[in-house]
Amino acid sequence: MSINWYPGHMKKATDEIRQKLSLVDLCCEIRDARIPSSSANEALRLLTAKKKHIILLNKKDMADAKETEKWIQALQQKGQTALAINAVHERPAKALYDLAATLLAEEQSKRKEQSRINREIRLLVYGIPNSGKSTFINAMSGKRSAAVGDRPGFTKQQQWIKTDADLLLLDTPGILPKKLTERQSLFLACTGAIRDDILPLQDIGYWLLELLLTLAPKAVTDRYSLAENEGERETLGVMESIARYTGSLLRGGEIDYTRTAAILLDDFRKLRFGRITLESAPIAQKDEE
């Protein structure tokens, strides 16, 4: 199964990025630290391939810290520049400027040699919906420059944002790839990057529970006061136990799977299971001797 979710404003934003690439010095991709692979937009990366990139793993406070570090190392091993941030509580302007300046050292040197006016570094910021991009923009500028919403596709237009770190940011709407694989769709749905009505809520909740029973079984059993060996049962059986515990029942005592799924998603998104990274980092490859 794959889904297409590409509203008109996303196509327009993609076209505008293509038109404005010549105005920027490098690109900054915001990803969700809980799903570093699925929150990437490979199409935009290919579109901006001629520019140097910085990958920011946002929402690090919601992800497993050790797993985030593994992801940073894995990305660096591929020759990519990556940094983990929490845009809600941090102002990463200086750290980002230092990274950008390092990547652009050669270009900046040529600019000085040609006696060109020294100007701020121009950074194109892009990411999938609900990755925290607008929150990051506001943290960088120190003011509410970008509108922030908790629903996908909130930002609808591009705008230049000034910061106090000699960086000029080009904000863009959240853009999803034209086509999403089933796996990517489910990861994005779990974190709220696509609307809950795009996929059957029961399927999302079931898949999330299956992941949680592998990644954090004790957190699940503790949250819903399940028996210690409950997490070893089949996923459907555990989901039914959670439904009974939370009172998610239909008339006649039948299981309300949709309501149970909604509770699971809400608990995950509000960190009631703790900080969890849904996608494991690829195993680092040792250098050949």
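A residue counts as buried at under 20% relative accessible area, as exposed at over 50%, and as partly exposed in between (1.4 Å probe, protein chains only). Thr48 has a relative accessible area of 1%, so this residue is buried. The structure is a predicted model, in which local features need pLDDT of at least 70, side-chain atom pairs count only at pLDDT 80 or more, and totals for chains, interfaces and linings use all residues. Residues are numbered from 1 along each chain as its sequence is written, and side-chain values use heavy atoms, with hydrogens and water left out.

The chain has 11 helices and 8 strands. These are DSSP runs numbered from the N terminus, with at least four residues for helices (H or I) and at least two for strands (E). Of the 289 residues in the chain, 51% are buried. The accessible surface of the chain is about 14,900 Å². Carbon and sulfur atoms account for 48% of that surface. Accessible areas come from the Shrake-Rupley method with a 1.4 Å probe; for residues, only the protein chains shown count as cover. Contact means heavy atoms within 4.5 Å. Among contacts between residues at least 6 apart in sequence, 69% join residues at least 24 apart.

Thr48 sits in the loop between helix H2 (42–47) and strand S3 (52–58). Neighbours within four places in sequence are left aside here; beyond them, Thr48 is in contact with Ile17, Leu21, Cys27, His53, Leu124 and Tyr126.

Helix H6 (residues 133–141) is mostly covered, with 8 of its 9 residues buried. Among them are Phe136, Ile137 and Met140. The buried residues of H6 pack against strands S2 (26–32), S3, S5 (121–127), S6 (159–162) and S7 (167–171), and against helix H4 (93–103).

Aromatic pairs were examined next. Rings of Phe, Tyr and Trp (its six-membered ring) pair if their centres lie within 6.5 Å; planes under 30 degrees apart count as stacked, over 60 as edge-to-face and the rest as tilted. The structure holds 3 such pairs. Phe187 and Trp207 form an edge-to-face pair, at 4.7 Å centre to centre and 75° between the planes. This pair links distant parts of the chain: Phe187 lies in helix H7 (residues 182–191) and Trp207 in helix H8 (residues 201–215), 20 residues apart. Both Phe187 and Trp207 are buried.

The ring centres of Tyr224 and Tyr245 are 6.3 Å apart and their planes stand at 70°, so this pair is edge-to-face. Tyr224 lies in the loop between helix H9 (217–223) and helix H10 (235–246), and Tyr245 lies in H10, so the pair ties together parts that are 21 residues apart in sequence. Tyr224 is buried, at 2% relative accessibility. Tyr245 has a relative accessible area of 47% and is therefore partly exposed. Tyr224, Tyr245 and Phe273 form one aromatic cluster.

H8 and H10 also pack together, at an angle of about 105° and with their axes 10 Å apart. Axes are lines fitted to C-alpha atoms, for helices over the stretch in contact, and angles run from 0 to 180 degrees between N-to-C directions. The two helices are therefore roughly perpendicular to each other (65 to 115 degrees; under 35 is roughly parallel, over 145 roughly antiparallel and the rest oblique). H8 contributes Gln202, Gly205, Tyr206, Leu209, Glu210 and Leu213 to the contact, and H10 contributes Thr235, Leu236, Val238, Met239 and Ile242.
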